Amino acid sequence: MSQVTWRLIPLLDASGAVQMAIDAWLLDQHQHQGHPPTLRFYTWNPAAISLGASQRRQMPDHWQSLVWQGQPVELVQRPTGGRGVLHQGDLTYALVTSHIAGSRDQAYRFLCQFLIAGWAKLGVSLTFGQPGRDYGRSHNCFALATSADLVDAQGIKVIGSAQLRRGSCLLQHGSMGLMTDAELWQQVFQTPARPASQAQLAVRQGLTVSKIIESLTQAAEDCFNCQLIAQPLTQQEWVEVYALAQKNGPECQSTEPSAVSVRS
C-alpha cells in the first residue's frame, strides 16, 4: 500500500482560544476544502482550562476567578466533549483525518496506537483505561480514565483524548500531562495532585519535549502508513484562524503567536 502524505504543523505555543480555533479550522478545511490529514503538537500560553463542548454550565464557580503566576487562568471551550482539562505544563496533540472504519471506540483505539507506540519507544508503557461509573460526576478529566484514555503500568492516566466527528471526518486531540504545577492542580480541582506518572518521571529524568514529539511523529508515520511533511501555517491561514478565534472568543490575542522551535 502506497504512503499517503500528511501535514505536520510544527510545535506552537499560543492561547487556548487560538489553539482551539486552529483545531476547528483544520477539521473544517479537511471536510470541505480537501486539506490533507494533519498532525500537530502544541502548548498553552497562558495556562488554561479547556471545557468539554457542553460543560460550561456545569463547571465549578471558582474556575472563573483562578489566577496563576499573576495571570488569569483562561477558560476555553473545546469543540470536543469530555470534562475539564488543566493545560499547564502539558503537551497537546491533535489529529485530523477521515474515513476511519468502525465505531467511535474502535476509532479511538486505532488513532491512539501511535501514542502507545511512540511512548513505548521512550520506555513508557501505556494501555487503554477502563470506564468508571463515577466519571460523569467529576469535573476533572484526569480524575478517572475511560476506554478512550491511556494509563501507565500503575494505572495513572497519562493521556486524555476527546473526539469530534463531522461526517466521515474527525478531530481527535488530547493532553499529555508532563510538568503540571502541583499547587495549581490543587487550586483548580481542590484535591491533592496525583502521583507522578511514568511519563512525568521520565521528563524529570531528562526526557525532552523534542524527543517526545520526534518519537510520536515517527510512530504516526508507521501506524498510519503516511509521510508527514512539516508545513507551518501560512499568513493567509493565520488570518482565517484568527477570524474564527474572534468569532468563538473575542478575548483571544490579536498578534500572531510565534511557531516555537522544538525545545530541547
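Analyst: The answers below cover the overall fold, the cores, a pocket and a few individual residues.

User: What should I know about the model and its numbering?

Analyst: This is a predicted model, in which local features need pLDDT of at least 70, side-chain atom pairs count only at pLDDT 80 or more, and totals for chains, interfaces and linings use all residues. Residues are numbered from 1 along each chain as its sequence is written, and side-chain values use heavy atoms, with hydrogens and water left out.

User: How many helices and strands does the protein have?

Analyst: The protein has 7 helices and 13 strands. These are DSSP runs numbered from the N terminus, with at least four residues (H or I) for a helix and at least two (E) for a strand.

User: What share of the residues is buried?

Analyst: Of the 264 residues, 53% are buried. Buried means under 20% relative accessible area, exposed means over 50%, and partly exposed lies in between, using a 1.4 Å probe and protein chains only. The protein exposes about 12100 Å², of which carbon and sulfur atoms supply 50%.

User: Which residues touch the most other members of the largest nonpolar core?

Analyst: They are Phe41, Leu91, Phe114, Trp119 and Ile159, in a core of 38 residues. A nonpolar core is a set of buried Ala, Val, Leu, Ile, Met, Phe, Trp, Tyr and Cys residues joined through side-chain atoms within 4.5 Å. Helix H6 (residues 209-224) gives this core its largest share, 7 residues. Another core, of 24 residues, lies apart from it and includes Trp238 and Val76.

User: What is Phe114 in contact with?

Analyst: Leaving aside neighbours within four places in sequence, Phe114 is in contact with Leu39, Phe41, Tyr93, Leu95, Leu216, Ala219, Ala220, Cys223 and Phe224. Contact means heavy atoms within 4.5 Å.

User: And which residues of helix H3 are buried?

Analyst: In H3 (residues 113-121), the buried residues are Phe114, Leu115, Ile116, Gly118 and Trp119. Gly123 follows H3 and has a positive phi, near 90 degrees.

User: Changing topic, how much space lies in the second largest pocket?

Analyst: That pocket holds about 330 Å³. Of its 22 lining residues, Thr43, Trp44, Gln88, Gly89 and Asp90 are the closest to its centre. On a 1 Å grid over the protein atoms alone, a pocket is an open set of points where a 1.4 Å probe fits, with protein on both sides within 12 Å along at least five of seven lines, and lining residues have an atom within 4 Å of a point. Strands S2 (38-44) and S8 (90-98) each supply at least two residues of the lining.

User: Where is Pro46, and what is its peptide bond like?

Analyst: Pro46 is in the loop between S2 and strand S3 (48-51). The peptide bond from Asn45 to Pro46 is cis, with omega near 5 degrees.

User: Is His99 buried or exposed?

Analyst: His99 counts as exposed because its relative accessibility is 65%. This residue lies in the loop between S8 and helix H2 (104-111), and its phi is positive, about 55 degrees, although it is not a glycine.

User: What about Asn225?

Analyst: Asn225 is in the loop between H6 and strand S13 (226-230). Its phi is also positive, about 50 degrees, although Asn225 is not a glycine. With 25% relative accessibility, Asn225 counts as partly exposed.

User: Last one: where does Ser197 lie?

Analyst: Ser197 lies in the loop between helix H4 (182-189) and helix H5 (198-204). Ser197 counts as buried because its relative accessibility is 1%. Beyond neighbours within four places in sequence, Ser197 is in contact with Asp152, Ile156, Val158 and Gly177.

Conventions:
Accessible areas come from the Shrake-Rupley method with a 1.4 Å probe; for residues, only the protein chains shown count as cover. Grid points are joined across faces, edges and corners, and a volume is the space filled by probe spheres set on the points.
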